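Welcome! Please open the model in your viewer and keep the selection panel handy, and we will walk through it one stop at a time.

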Amino acid sequence: MTFEPTKEFAQSLDAGDKLSRFRESFHIPKHTDGTESVYLCGNSLGLQPKKAAAYVQEELNDWAELGVKGHFDKTFPWTRYQEFLTEPMADVVGAKPHEVVVMNTLTPNLHFMMVSFYQPQGKRKKIIMEADAFPSDTYAVDSQIKFHGGDPAEDIILWQPRPGSSTLEIEDLESILRKHGDEVALVMIASINYYTGQFFDLKKITDLGHSHGALVGFDCAHGAGNVDLDLHNSGADFAVWCTYKYMNSGPGSIGGCFVHERHADNDNLDRFAGWWGHNKEERFLMEPKFDPIPGAEGWQQSNAPILSMAPIRASMDLFMEAGFKNLLSKSVSLTNYLEYLVNNIPGDRIRIITPDKPKDRGCQLSLAVKNADKSLFKDISSRGVIADWREPDVIRVAPAPLYNSYMDCWNFVQILSSEL
Ligand SMILES: *Cc1c(COP(=O)(O)O)cnc(C)c1O
């Protein structure tokens with residue numbers, strides 16, 4: 001589609017958008033002047049579905065009225081609460097239901113997955129990560145290596161961008177593996193790099209890792225709810241994600257975990273077990289020998305934090321109603337439009353470091369600003385833009401297709417270009 005820079009054109013795109021009504025289902029934070037702010041920060045914290053409060057209240061009411069009986073005697077019994085999230089979540093990440101479980105938060109899940117899928121042996125003990133990974137992932141990998149008696153300085157191999165570039169090339173991962181393949185135990189990459197917004201080819205990475213005898217896992221914090229992860233077909237051994245970014249389930253909300261079905265019945269994998277991962281029929285017999293549930297649920301430890309899971313139900317309802325495929329196609333159009341407007345800003349101060357092909361990104365664009373410091377970001381924030389700033393010079397903006405409009409993109413670019 002050819003875009004036009006006018007406000008009328010943005011309005012006409014919104015008028016033709018079949019998903020525009022979903023914006024009404026969210027609380028949009030207000031700017032100081034009482035108007036809706038230009039919220040482009042769903043990559044950091046997704047907005048609150050209006051239904052979330054009622055879903056949480058329902059559980060509070062059940063707790064008040066039923067007490068312990070709420071574990072069993074109600075529409076969404078607490079002992080099974082996480083199961084009601086599995087199918088919609090599996091749909092969004094492209095997995096089979098028994099490959100997905102909603103539990104814990106992201107970094108603990110990454111650790112628990114590495115307990116099972118990082119098994120250094122002899123010289124095969126290294127982990128490949130992307131350079132400039134999210135710090136929590138680096139801390140997790142670093143500490144897992146130390147836990148196994150290794151030395152992170154030696155055992156982490158970074159997949160680096162080429163000089164002058166911010167994004168990564170698959171050929172460079174290939175050459176790392178050609179050189180070090182027999183020393184690599186695990187390839188652990190984000191699905192989308194949080195800084196550049198680059199979406200990696202999960203299947204290619206998985207095939208490469210596997211062909212060299214390594215296991216492969218992904219941190220999908222920026223991928224889940226944003227792009228077509230197609231986790232099952234990627235063949236990845238495991239994946240983890242959070243639900244407070246594109247999944248709109250609230251600050252610190254419970255994360256998700258994927259374990260490929262080829263590992264579903266493997267009781268020999270090391271794991272840190274807990275009673276919620278134990279055979280459901282016999283869980284309450286309270287016997288000492290652990291008998292894992294086949295599939296991802298077998299990695300659960302504790303009974304589910306219901307009040308934190310209730311908003312996920314509200315969010316998943318909206319994903320299901322809108323249809324994830326429809327959201328993905330709006331996302332491509334919305335982001336292409338934002339890119340067009342940004343590239344139309346006069347002068348040369350803005351450079352988009354996110355890849356320009358839709359297949360290599362989600363909805364986030366990372367804008368590197370020449371000769372800028374955080375004051376520019378403060379200026380656009382004072383005019384009602386909610387985005388985020390990453391040192392030294394990057395503004396990240398992410399129009400989320402469930403609640404952002406073409407007018408949001410237009411307003412953002414008006415404000416940014418007038419402050420430049
Ligand atoms: C957001 C994010 C995290 C945050 O981890 P939590 O355990 O949820 O605090 C970790 N890794 C990546 C890649 C992220 O984008």
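A salt bridge here is a side-chain nitrogen of Lys or Arg within 4 Å of a carboxyl oxygen of Asp or Glu. Keep that rule in mind for a later stop. Please remember, too, that this is a predicted model.

Stop 1: Where they touch, 35 residues of domain 1 take part, along with 26 residues of domain 2.

**Stop 2: the buried area.** Between domain 1 and domain 2, about 2300 Å² is buried, and carbon and sulfur atoms give 59% of it.

**Stop 3: across the interface.** How many salt bridges does the rule find between domain 1 and domain 2? The count is zero. Polar contacts do turn up across this interface, with 10 residue pairs found at pLDDT 80 or more for both partners.

**Stop 4: the domain 1 side.** Select helix 11 (324–343) and strand 15 (394–397), the elements that each give two or more residues to the side of domain 1 touching domain 2. Helix 11 has the largest share, with five residues. To finish, colour this side of domain 1 by residue type: you will find 16 nonpolar, 11 polar and eight charged residues.

Note on methods: Residues numbered from 1 in each chain as written. Predicted model: local features only at pLDDT ≥ 70, side-chain atom pairs only at ≥ 80, totals over all residues. Heavy atoms only, no water. Contact = heavy atoms within 4.5 Å. Buried area = accessible area lost by both parts, 1.4 Å probe. Polar contact = N/O pair within 3.5 Å; in protein donor to acceptor, adjacent residues only side chain to side chain. Helix = DSSP H or I, 4+ residues; strand = E, 2+ residues; numbered from the N terminus. Nonpolar A, V, L, I, M, F, W, Y, C, P; charged D, E, K, R; others polar.
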